[in-house]
Amino acid sequence: MQQFHPEIRVRFAPSPTGPMTLGNARTALFNWLFAKHMNGSFVLRIEDTDVARSHKDHERDLISALSWIGITWDEGPSVDGSEGEHGSFGPYRQSARTPIYEEYLRDLLKRGLAYRCFCTKEQLEADAASAVSRGIPHIYSGRCRHADQSDHVQRPSVIRFAMPLRRIVFTDYIRGEVVFDTATIGDIVIAKDERTPLYNFAVVVDDERMRISHVIRGEDHIANTPKQIALQEALGFATPIYAHLPLILASDRTKLSKRTADISILNYQQRGYLPEAIMNFLAFLGWHPHGVESEKELFTPLELMRSFDLSRVQKAGAVFNPEKLDWLNGQHIKALPIAELYQYCLPFLLSDNRQHSHSFSSQQLMGIVRLVRDRLTVLSDVRSETEFFFQLPSYEKELLVWKTDSIEHTHAILRRVRELFSSISEDECTAHFLSPAFEPLISEHGKGSVLWPVRVALSGLRGSPGPFEIAEVLGVAEVIRRLDHALTLSS
């Protein structure tokens, strides 16, 4: 087994057969964080040899999802999803690497380390049925290993690797020593023909040619590792260091449902999750920091880069906790500068062609976002939390009444409040000005009796931002319009 490449180079190699999923994104992130922490290179490689299932739309989805999360690559396809690429070890799409695979397949065939298999589908199915009847695993019999190869053009065939019989031992960066007996594997199919390689062969060639030092992937790939190591040795390639990440489990520690596991990462974007929160959440699916940061939960991307240590990845399954994701997203929303949060919220804030009660300026809209920030779990919550700003609220008159106050008393208070707003200018309609302006009325009648009906009149809600802050956004004219509505309702 040759030494792995000394320069730190990792790759994320998705197949464009579907959207970027939670598991894909976690694998990409761990590779990226490891590369950044170790000052190495992160390579994006598109494994699109499955012509029937690979689609450009899925490739564009993968690239968009990575870019949205904040994962950048040092080498690979262009970020804009075009056919362009950057890097010194391309092409970075397997469909463009056919001549490379052909060269190595011919070499194995020439040296007798691979052979053409002419077994029919019926023969293979009969072998499998026989194995099942005897209660043993089905392993290819090797009947074509010494078959005459000279007339392969006339007969349909595939290419099999002549698996050497021995124990393969490798040290997994996360799991420690792993042992396989190749007698339980058999002669695997590595290509449909010389120009159509299959996964285990293509990935071995690509990892060598791209000088990949560490292969970080899900534990469902462990069974592929001995096959790939045997191929590496046959081809005289270096063997990278392998690290197999734990499975992502449901909250009850069972296998994650297909509905959850297959959801596109871009769906989280559409639902109003922040990319920083998604990255933070994914990082903790199987990894925990150490030292003084072991109790910390909220991390920025830069903090994750600095803290990430592959040796801290756990062996046990990682639990997907949607409540934790929501909490993290809310915390990241609170931590954002208001101008940045406003830009994130704007598409949700003005969606659904809302009919404004009056036009809001950008400054007013930013003020609205500031008022509801602490109430947001996801960005899309801004729609429901700010609805009352955009239209005259609807509510029952009983909601205006504070505790044991009468409707008559509440009506009288609202008349006084309207008089106060009628006497101030738009420039004076600020929380800073209104707070002392209301002091005499509050001293006379009590805080609840005054502020509760004003809050309801302006928002129509039991719980909302403070009435002075709402008034500052709405302006004097709109405040008076809403007070008039409350006065009519309570008369």
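Q: What volume does the second largest pocket have, and which residues lie closest to its centre?
A: In this predicted model, the second largest pocket has a volume of about 330 Å³. It is lined by 15 residues, and Ser15, Glu47, Thr49, Asp50 and Tyr199 are the closest to its centre. Strand E10 (196–197) and helix H5 (199–209) are the elements that each give two or more residues to this lining.

Q: How many residues of each class are in that lining?
A: The lining of the second largest pocket has six nonpolar, five polar and four charged residues.

Q: How much space lies in the largest pocket?
A: The largest pocket holds about 1,000 Å³. Its lining has 33 residues, with Thr21, Gly23, Asn24, Asp220 and His221 nearest the centre. Two or more lining residues come from each of strand E1 (9–12), helix H1 (22–37), strand E11 (214–218) and helix H7 (258–261). H1 gives the most, five residues. By class, the lining of the largest pocket divides into 14 nonpolar, 10 polar and nine charged residues.

Q: Where does Asp48 lie, and is Asp48 buried or exposed?
A: Asp48 lies in the loop between strand E2 (41–44) and helix H2 (56–69), and Asp48 is buried. To look for a salt bridge, check for an oppositely charged side chain within 4 Å.

Q: Which backbone nitrogen does the side chain of Asp48 reach at 2.7 Å?
A: That of Ser95. A polar atom of the Asp48 side chain also lies 3.2 Å from the backbone nitrogen of Gln94.

How values were computed: Residues numbered from 1 in each chain as written. Predicted model: local features only at pLDDT ≥ 70, side-chain atom pairs only at ≥ 80, totals over all residues. Heavy atoms only, no water. 1 Å grid on protein atoms, 1.4 Å probe; cavity = no way out; pocket = protein on both sides within 12 Å on 5 of 7 lines; lining within 4 Å. Points joined across faces, edges and corners; volume = space filled by probe spheres on them. Helix = DSSP H or I, 4+ residues; strand = E, 2+ residues; numbered from the N terminus. Nonpolar A, V, L, I, M, F, W, Y, C, P; charged D, E, K, R; others polar. Buried < 20%, exposed > 50% of the residue type's maximum accessible area, 1.4 Å probe, protein only. Lys, Arg positive; Asp, Glu negative; His and termini not counted. Polar contact = N/O pair within 3.5 Å; in protein donor to acceptor, adjacent residues only side chain to side chain.
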